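Hi,

Here is the structure I promised to pass on. Have a look at it first, and then read on for what turned up when I went through it.

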Amino acid sequence: MKYLSQVVIILLVVTISLSCVAYRAHHAALPEAPGLKDYYRDYFPIGVAVSARALYTDEAGLVIRQFNSVTPENAMKMSVIHPGEQQYNWRDADSIAAFARRNGMKLRGHTLVWHNQAPGWIFKDANGQQVSRDALLQRLKEHITTVVKRYKGIVYAWDVANEVISDRKDEFYRNSLWYQICGEEYIEKAFQWAHEADPDALLFYNDYNEISTVKREKIIRMLNRLMSKGVPVHGVGLQAHWAINEPSAKQLDETMSDFAKLGLKIQITELDVSVYRKEHEMRQWAAGDSAMAFTAEREQQQLEQFRRCFESFRQYRDVLTGVTFWNISDRYSWLDNFPVRGRKDYPLLFNKDLQPKKAFWAVVKF
């Protein structure tokens, strides 16, 4: 009996081992489920904004499976990458660039000049007073040249100037410190210096609230002005921070059509669809904000909006050269703190468990 028991154990171990080998061989032979990038292979690259930290979590696998382009969410913004006049912080940007190279993904640079997340030092002279126009332009040139050259041949497209158009109906350019000190020249120079640093990179102007007819007209007027001067601008980035109630199909088609007439490349650069009605300004917590559940009604409204958006995107495939989601999954979104701090949103195609939501299937089944 002793020997019989040993034989049974040995046979059991062998059987389990062979089963494991067969299981691994079977699953290794199975094709990987297609990702967003595969469904849209014949249309345009599908990208995602990432942090360096996220790429060390299980979200990295989702990024690799689903996307073929990445954008650093914050790592290349001026205050992060250039926090002091003689100080550059390359760590996170280099980490994201290395991830993109390892996985054969495109890399978008974001962003070279912006009124927000600009380091305070750049606007001050040695005495703490407001810096002169010439000094500020020289600092901007050094920043752009240094950053763009570091990622030359790695970053294929840059959001050069970000959000320089005012949201006010009676104001054209945003009254930022960049504009107050340099006038509109800083915008032209930013494109010029980026082009000089990497002549092969595609250079985009990037902005939000592009579905507003008033703001869209101003963006288009500025881009036409830049092109008429020979400024090397190659495309326009539409941020597409949208919601369940906007844009309408008509707004979306008019927006895409108007920008397509420019003759520039178009990219959707920061796509998300809030499950709350759109608000444009930060505000305090109010009654009703505690109702944060991802209800069946919100799920259906979001699904329909995502479907509407991608139907339009496919129609403009001749001029649309990329679609990038702003953040990876519903685990984290900047909208969790805008317009209400601490109000959970669910604006992406993957839930907190990194599983595709119903909206995902609405986007890929066409």
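The largest cavity has 14 residues lining it, and those nearest its centre are Ser274, Lys278, Glu279, Leu335 and Pro339. Keep in mind that this is a predicted model. The space in that cavity comes to about 100 Å³. Two strands, β7 (241–243) and β8 (265–274), each supply at least two residues of the lining, and β7 gives the most, with three. Sorted by class, the lining of the largest cavity holds six nonpolar, two polar and six charged residues. In total, four cavities of 30 Å³ or more were found.

The largest pocket has about 1,000 Å³ of space. Its lining is made of 46 residues, with Glu163, Gln239, His241, Trp334 and Phe338 nearest the centre. The elements giving two or more residues to that lining are β1 (46–50), β3 (106–114), α9 and β7. Of these, α9 gives the most, with three residues. The class count for the largest pocket is 15 nonpolar, 15 polar and 16 charged residues.

The second largest pocket has about 170 Å³ of space. Among the residues lining it are Tyr39, Arg65, Phe350, Phe360 and Trp361. Helices α3 (59–66) and α12 are the elements that give two or more residues here, and α3 gives the most, with three. By class, this lining has nine nonpolar, two polar and one charged residues.

On to the core. The largest nonpolar core has 101 residues, and Trp158, Phe310 and Phe313 have the most contacts inside it. Helix α8 (residues 185–197) gives the most to this core, with seven residues. If you click on Trp158 and ignore its neighbours within four places in sequence, you will find contacts with residues including Met76, His110, Val147, Tyr151, Leu202 and Phe204.

Ser312 sits in helix α11 and touches Leu252 and Met256, not counting residues up to four places away in sequence. Is Ser312 buried or exposed? Ser312 has a relative accessible area of 8%, so it counts as buried, the cut-off for that being under 20%.

Last, the charged pairs. Side chains of opposite charge can pair when their charged atoms come close. The whole structure has 26 salt bridges, and here are a few to look up:

- Arg91 pairs with Asp92, with 3.1 Å between the closest N and O atoms. Arg91 is exposed, at 63% relative accessible area, while Asp92 is partly exposed, at 25%.
- Lys229 pairs with Glu184, the closest N and O atoms being 4.0 Å apart. Lys229 is in the loop between α9 (213–228) and β6 (235–238) and Glu184 in the loop between α7 (177–182) and α8, so this bridge ties together parts that are 45 residues apart in sequence. Both count as partly exposed, Lys229 at 48% relative accessibility and Glu184 at 26%.
- Lys358 pairs with Glu299, at 3.8 Å between the closest N and O atoms. This pair links distant parts of the chain, with Lys358 in helix α12 (residues 358–364) and Glu299 in helix α11 (residues 296–315), 59 residues apart.

There is also one network, in which salt bridges that share partners join Asp167, Arg174, Asp207 and Lys215.

Cheers

Key. Residues are numbered from 1 along each chain as its sequence is written. This is a predicted model: local features need pLDDT of at least 70, side-chain atom pairs count only at pLDDT 80 or more; totals for chains, interfaces and linings use all residues. Side-chain values use heavy atoms; hydrogens and water are left out. A nonpolar core is a set of buried Ala, Val, Leu, Ile, Met, Phe, Trp, Tyr and Cys residues joined through side-chain atoms within 4.5 Å. Buried means under 20% relative accessible area, exposed over 50%, partly exposed in between (1.4 Å probe, protein chains only). Helices (H or I, at least four residues) and strands (E, at least two) are DSSP runs, numbered from the N terminus. Contact means heavy atoms within 4.5 Å. A salt bridge is a side-chain nitrogen of Lys or Arg within 4 Å of a carboxyl oxygen of Asp or Glu. On a 1 Å grid over the protein atoms alone, a cavity is a set of points where a 1.4 Å probe fits but cannot get out, and a pocket is an open set with protein on both sides within 12 Å along at least five of seven lines; lining residues have an atom within 4 Å of a point. Grid points are joined across faces, edges and corners, and a volume is the space filled by probe spheres set on the points. Ala, Val, Leu, Ile, Met, Phe, Trp, Tyr, Cys and Pro count as nonpolar, Asp, Glu, Lys and Arg as charged, and the others, Gly among them, as polar.
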